[in-house]
Amino acid sequence: MKLLGSTGSPYARKARIALIEKQVNCEFVVDRPSEPGSNVPKYNPLSKVPVLALDDGTGMIDSSVIVEYFDGIGSGPKLIPTEFAARIAVRRWEALGDGITDSIVALTHDSRYTPTCDAAADWYQKQLKKIEAGLAMAERDIGNNEFCHGNAFSLGDICVIMALGYMDRAFGGYDWRGRYPGLRRYADKLGARPSVAATAPK
Ligand SMILES: N[C@@H](CCC(=O)N[C@@H](CS)C(=O)NCC(=O)O)C(=O)O
């Protein structure tokens, strides 16, 4: 079993954090779908990373499915709680972190984006509003807590950390730490966690 992804991909990071947390015996292989000779399309018809290549040749696609798979086969505390209300709460956090990340991707992968582009343009403001409203909700709902949900690290934390890490990597000029001090405190604390530190974007 091999996990294929690029080191810069936020969704690959989500799967990599889960891989480490759940101590799954699986190699992470750097593979960019945009490069010639990439093995990603063999396992994922959508040519996206992460993709998990199983030993029987099956491609497990989408970070959400891969994390659930690792959570099922790995050891250690559950990343996705089994109890219904807790699971929905954690999935809600996942949706928020993924949604913020989707907007950062939409904003920064667009060829119109440069650090000096017209920040007043509609396309820019539309994505920025989603990012800011999403971060504001995360700031409010995390409050002074150590984790997104309950008193344990979960898939929700993976996704919020993924979004904040990708802010730094792709949208570095934006001072989210100054605007959302609660998220700064939260991210600083979780940043020391081995799975988070080992996968932090360079
Ligand atoms: N919903 C997917 C999103 C994956 C995704 O968009 N990956 C990006 C890298 S961050 C990618 O592979 N993009 C290449 C492409 O779309 O061609 C997941 O969670 O795995």
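This is a predicted model: local features need pLDDT of at least 70, side-chain atom pairs count only at pLDDT 80 or more; totals for chains, interfaces and linings use all residues.
Residues are numbered from 1 along each chain as its sequence is written, and side-chain values use heavy atoms, with hydrogens and water left out.

Which atoms pair up with the ligand? A polar backbone atom of Val49 is 2.8 Å from a nitrogen atom of the ligand. A polar side-chain atom of Asp62 lies 3.0 Å from a ligand nitrogen atom, and for Ser63 a polar side-chain atom lies 2.6 Å from a ligand oxygen atom. On its own, the ligand has 520 Å² of accessible area (Shrake-Rupley method, 1.4 Å probe), and the protein covers 68% of that.

Now look at the loop between helix H2 (40-43) and strand E3 (51-53), where you find Pro50. Helices here are DSSP runs of H or I with at least four residues, and strands are runs of E with at least two, numbered from the N terminus. Val49 and Pro50 are joined by a cis peptide bond, with omega about 5°. Ser47 is in the loop between H2 and E3 too, and has a positive phi of about 55° although it is not a glycine.

On to the helices. Two packed helices are described by the angle between their axes and the distance between the axes. The axes are lines fitted to C-alpha atoms over the stretch in contact, with angles from 0 to 180 degrees between N-to-C directions.

How do H1 and H3 cross? The axes of H1 (residues 10-21) and H3 (residues 63-73) come within 9 Å and cross at roughly 5°, so these helices are roughly parallel (under 35 degrees). Their contact (heavy atoms within 4.5 Å) includes Tyr11 of H1 and Ser63 of H3.

Finally, the axes of H6 (residues 155-170) and H8 (residues 181-190) come within 11 Å and cross at roughly 105°. That makes H6 roughly perpendicular to H8 (65 to 115 degrees). Among the contact residues are Asp157 and Leu164 of H6, with Tyr186 and Leu190 of H8.

Key. Angles under 35 degrees count as roughly parallel, over 145 as roughly antiparallel, 65 to 115 as roughly perpendicular and the rest as oblique. A polar contact is a pair of N or O atoms within 3.5 Å; within protein, one must be able to donate a hydrogen and the other to accept it, and residues adjacent in sequence count only if both atoms are side-chain atoms.
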